[in-house]
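Me: I have a structure to work through. Can we take it in short steps?

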Amino acid sequence: MSFFLAALKRELLLVFRHRSDIINPLAFFLMVAVLFPLGVSPDPSFLSEVASGVIWVAALLACLLSVDGIFRSDYQDGSLEQMLISAEPLWMLVTAKVITHWLVSGFFLALISPLVAMMFFLPEPAYPALIISLLLGTPTLSLMGAIGSALTVGLRKGGVLISLLVLPLYIPVLIFGAGTVQAGAMGLPIQGYLALLAAILVFSLMLAPIAIVAALKISIRS
Amino acid sequence: MMKISMPRWFYQLASPRWFYNFTSKLLPWFGIATLVFLCVGLVWGLVFAPADYQQGNSFRIIYIHVPSSILAQSCYMLMAVAGAIGLIWKMKMAHIIAQACAPIGASIAVMSLATGAIWGKPTWGAWWVWDARLTAMLVLLFLYIGVIALHAAFENKAGADKASAILSLVGLVNIPIIKYSVEWWNTLHQSATFTVTEKPAMPPEMWIPLLIMVLGFYCFFAVILMGRARVELLEREKRSDWVKQLILVNWTQ
């Protein structure tokens, strides 16, 4: 446990020393959302209809953009190799990294999502649904993205490849996440959607670290 | 520690040389079976089977569409299982099979989508609808493309094999989740033509040729799979003595 806390502390410290790592995904999230009214229509009734999907797609892309670097710098300076041969369990370290990534991308994103929701004229009852669904859904995105990141960390051109690998896996979270917001906007109960999002999160929290560790070992050895 | 013993043929299949010789004997039989099944199934299905009372003759594309849809899914299963076997027992042959599965599966998924679009135009009035089963097949195609792209991105074969095996296993775990999520999201497609547990709703003169076509597609898949695996195997084992011997014998004949 103390190893886990130490790893978490190290990751958080690293992130807060590079503040642009926190701001960039959020700025990207805002910009993608702004493109839709510009590109499609600024009509409030149209925007409130597509708000749930647009916000979720923007969140998904912002998460995908930042997940590529989750192991990159540690791989390049060789510290990932040292962690791999150390006696401490690797899944703890991996989980610490994923939690940090989620705090930086998903958590802050959920906090600023009401701002975008307001710009998209999302009905007010949907706000809690939006925030809670993002809080429950984005950790899954970080976990799945970390699998893709671990698989491609040793490759020179990981960027486009990782989106090819990971985006299909994001589809269930997108469907249930956007569904939560839509149900919330119509005043329907959202507990069912939230339960599904939570179930997917628990499931991926169980299995994804195993896949990430296996993928990291392969990436380092080859 | 518990010892798990596997049957002898399982270990033998792991030897590239044994696999090569074994499939040399198997290939002609599967080739003949493919030819017979596909000819009988196609002629029966396209000419002799009765026309559908609602869809008329346009339903006949079912004889291509359903077998390719079934095969695209089972091919992914085989790819993931072969990848798992390769990861667990470190069998080179299993990785070769998994690698051979990916492009075949992707092209069959494209075939399923294309025939579905052609069928959809007269039946639903649109080439594409955002329906659960269509979307699930499209996602399956994306999963195949991901595996192929990842395999191609690695420079060494060992890393490529293991990484794409992990990815296909992750995909395999996700396929049911994706399937059910898109099903709750939207459903327009007619339900499955064949289920193991229930009697088909079609009359026998319609579904028997379909069954023959499914068998023919599986045999065709086996032929292509063995062919691809054999070529890949020769490429990987080109430094071994038995491959040199094989080529020399063929050269002098």
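Me: How much area is buried between chain B and chain A?
Reply: This is a predicted model, and the value is computed from it. Carbon and sulfur atoms give 87% of the area buried between the two chains. The total is about 2100 Å².

Me: Which residues meet in a salt bridge across the interface of chain B and chain A?
Reply: The rule finds one salt bridge across this interface.

Me: Which helix gives the largest share of the side of chain B that touches chain A?
Reply: Helix 5 (132–153) and helix 6 (157–185) of chain B each supply at least two residues of that side. The largest share is 15 residues. It comes from helix 6 of chain B.

Me: How many nonpolar residues does the side of chain B that touches chain A have?
Reply: Chain B brings 26 residues to the contact, and chain A brings 24. By class, the chain B side has six polar and two charged residues. Its nonpolar residues number 18.

Me: Which residues of chain B is A:Leu151 in contact with, leaving aside neighbours within four places in sequence?
Reply: A:Leu151 is among the residues with the most contacts inside the largest nonpolar core, which has 136 residues. Within chain A, it touches A:Leu165, A:Ala215 and A:Ser219. In chain B, its partners are B:Leu150, B:Phe154, B:Ala163, B:Ile166 and B:Leu167.

Me: Is A:Ala96 buried or exposed?
Reply: A:Ala96 lies in helix 6 (residues 90–119) of chain A. Its relative accessibility is 0%. Buried means under 20%. So A:Ala96 counts as buried.

How values were computed: Residues are numbered from 1 along each chain as its sequence is written. Chains are lettered from A and ligands numbered from 1 in the order in which they are written. This is a predicted model: local features need pLDDT of at least 70, side-chain atom pairs count only at pLDDT 80 or more; totals for chains, interfaces and linings use all residues. Side-chain values use heavy atoms; hydrogens and water are left out. A nonpolar core is a set of buried Ala, Val, Leu, Ile, Met, Phe, Trp, Tyr and Cys residues joined through side-chain atoms within 4.5 Å. Buried means under 20% relative accessible area, exposed over 50%, partly exposed in between (1.4 Å probe, protein chains only). Contact means heavy atoms within 4.5 Å. Helices (H or I, at least four residues) and strands (E, at least two) are DSSP runs, numbered from the N terminus. Buried area is the accessible area (1.4 Å probe) that two parts lose on being put together, summed over both. A salt bridge is a side-chain nitrogen of Lys or Arg within 4 Å of a carboxyl oxygen of Asp or Glu. Ala, Val, Leu, Ile, Met, Phe, Trp, Tyr, Cys and Pro count as nonpolar, Asp, Glu, Lys and Arg as charged, and the others, Gly among them, as polar.
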